[in-house]
Amino acid sequence: MYYQPIIDFIRSLYPGKETIPLHEPYFGGNEKKYVLDCIDTNYVSSVGRYVDRFEEMIRDFTGAKYAIATVNGTAALHIALKLAGVQPGDLVITQPLTFVATCNAISYCGAEPVFVDIDSDTLGMSPDSLESWLEQNVDIVDKGLEGLETPRSKLSQPSQPFLSIHKATRRHISACVPMHTFGHPCKIDRIVDICNRYHIPVVEDAAESIGSYFKGKHTGIFGKLGILSFNGNKTITTGGGGMILTDDDELGPLAKHITTTAKKPHPWKFEHDMIGYNYRLPNINAALGCAQMEILPYILQNKRETARKYQEFFKNIEEVKFIQEPSDSISNYWLNAILLNKEEERDQFLDYAYSQKVMCRPAWTLMNKLPMFSKCIYSLLNVASAIEKRLVNIPSSFRQYEIN
Ligand SMILES: Cc1ncc(COP(=O)(O)O)c(C=O)c1O
């Protein structure tokens with residue numbers, strides 16, 4: 001049986017640990033120093049120099065023109081969708097294999113997800129599936145002629161003359177949210193091209209893909225807006241945190257305004273000019289983020305080496321396929337994943353791994369199977385269904401033992 005050799009190999013990667021977590025944070029830099037500095041200076045909340053510095057570091061690292069720090073990735077996605085123009089009653093295209101936060105954020109806008117299939121090489125949205133669903137289900141209409149010229153808020157796209165409308169329900173398809181699954185970039189250039197033809201803004205869920213590149217460009221900056229997450233289980237963490245990315249000169253400043261309660265700048269007056277959100281990342285979390293950004297290249301290198309070791313090892317286990325970084329991409333290998341040949345062995349393997357205190361986990365249950373989203377529109381989801389049944393994530397934390 002191949003279970004025990006896999007467990008033994010994982011244990012050899014993480015020696016000296018009784019329980020091997022799936023992904024734990026690594027604090028090997030100035031984290032304590034910067035957090036203590038926040039406490040010593042009393043700047044622990046939503047004002048402070050670490051927030052600005054963290055945003056600047058993310059701008060430099062990703063190449064985004066604007067980076068706006070938020071309390072978590074879900075909040076970042078909520079605001080990014082609003083800024084893209086998503087309104088109550090709209091439809092938003094996404095993929096069924098994702099963390100529930102993607103669909104929750106769509107729901108917070110009063111919109112509903114539509115699910116198209118994924119590709120087996122990237123595990124992210126399939127441009128072919130997207131294109132064929134759009135071809136069959138969508139009319140491109142002139143906004144004025146369709147009678148859709150209702151007074152829209154400053155948060156919609158006032159200048160866009162054409163809209164994609166779902167033929168069967170006449171609902172506006174107001175965004176598309178591809179996700180870079182486990183850090184592997186999806187075919188984002190084709191997805192953006194297709195969406196451009198249909199006048200659908202792309203909001204990239206790059207929550208898992210800091211340090212991942214597609215054709216030399218950082219993920220999260222291909223669409224109109226993108227987001228990152230710094231949750232405790234991510235490649236780097238701020239405890240909880242997120243970031244909105246955009247190159248748009250109107251939406252960048254607006255993102256900052258709306259995530260900081262839409263307060264008009266003034267030394268002492270409290271005036272707010274729209275419904276805003278208290279979504280600003282606290283300084284104490286940003287302090288952690290600055291320290292983590294300083295060591296990010298080192299973390300990425302370490303995780304890449306772990307992925308290489310896994311890849312070598314799984315070449316000799318014929319019952320299992322290791323998911324490699326897709327072509328044209330550099331993956332951050334946030335969570336390594338394997339596909340078992342036999343779907344009936346997945347749960348047995350997971351049971352065994354847990355009994356050995358090695359924390360592996362299955363793929364997320366597909367979003368269209370969850371009760372909240374089971375009545376949503378979806379295309380054929382053959383690839384996602386097949387992958388969901390056979391995929392297992394394996395421990396992927398930074399390996400301190402690599403240091404020497
Ligand atoms: C794909 C995806 N989207 C969104 C989120 C939401 O991020 P957060 O947990 O920071 O709210 C996460 C991660 O947690 C995620 O994996």
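Strand β2 (residues 91-94) runs parallel to β6, and 4 bridges join the two. Helices (H or I, at least four residues) and strands (E, at least two) are DSSP runs, numbered from the N terminus. The model is predicted: local features need pLDDT of at least 70, side-chain atom pairs count only at pLDDT 80 or more, and totals for chains, interfaces and linings use all residues. Residue numbers start from 1 along each chain as its sequence is written.

**Exercise 1.** Work out which strand order the open sheet of 4 strands has.

*Solution.* Put together, the order is β6-β2-β3-β16, with parallel pairing; two strands pair if DSSP finds at least two bridges between them. β6 and β16 (377-378) stand at the edges with a single partner strand each, so one side of each is left without a neighbour in the sheet.

**Exercise 2.** Find out which residues of β3 are buried on each side.

*Solution.* First, recall that side chains in a regular strand alternate between the two faces of the sheet. One side of β3 has E112 and V114, the other has P113 and F115, and all are buried (20 or more other C-beta atoms within 10 Å of the residue's own, with C-beta atoms placed from the backbone; exposed means 12 or fewer, partly exposed in between). Then look for a helix: α5 lies across β2, β3 (112-115) and β6, at about 170° to β2. Such angles run from 0 to 180 degrees between N-to-C directions, with axes fitted to C-alpha atoms, for helices over the stretch in contact.

**Exercise 3.** Locate the buried residues of helix α7 (residues 188-197).

*Solution.* They are I188, I191, V192 and C195. These cover an arc of only 95° around the axis, which puts them on the same side of α7; the arc is that of the directions from the helix axis to the C-beta atoms. They pack against α6 (127-137), β6 (173-177), β7 (203-205) and β8 (213-214), where contact means C-beta atoms, placed from the backbone, within 7 Å. Just after α7, H199 takes a positive phi of about 60°.

**Exercise 4.** Describe the residues that surround the ligand.

*Solution.* Count 15 residues, the closest being N72, G73, T74, A207 and S229; a residue is near if its C-beta atom, placed from the backbone, lies within 6 Å. α4 gives the most to this shell, with 3 residues.

Key
Two residues are in contact if their C-beta atoms, placed from the backbone, lie within 7 Å.
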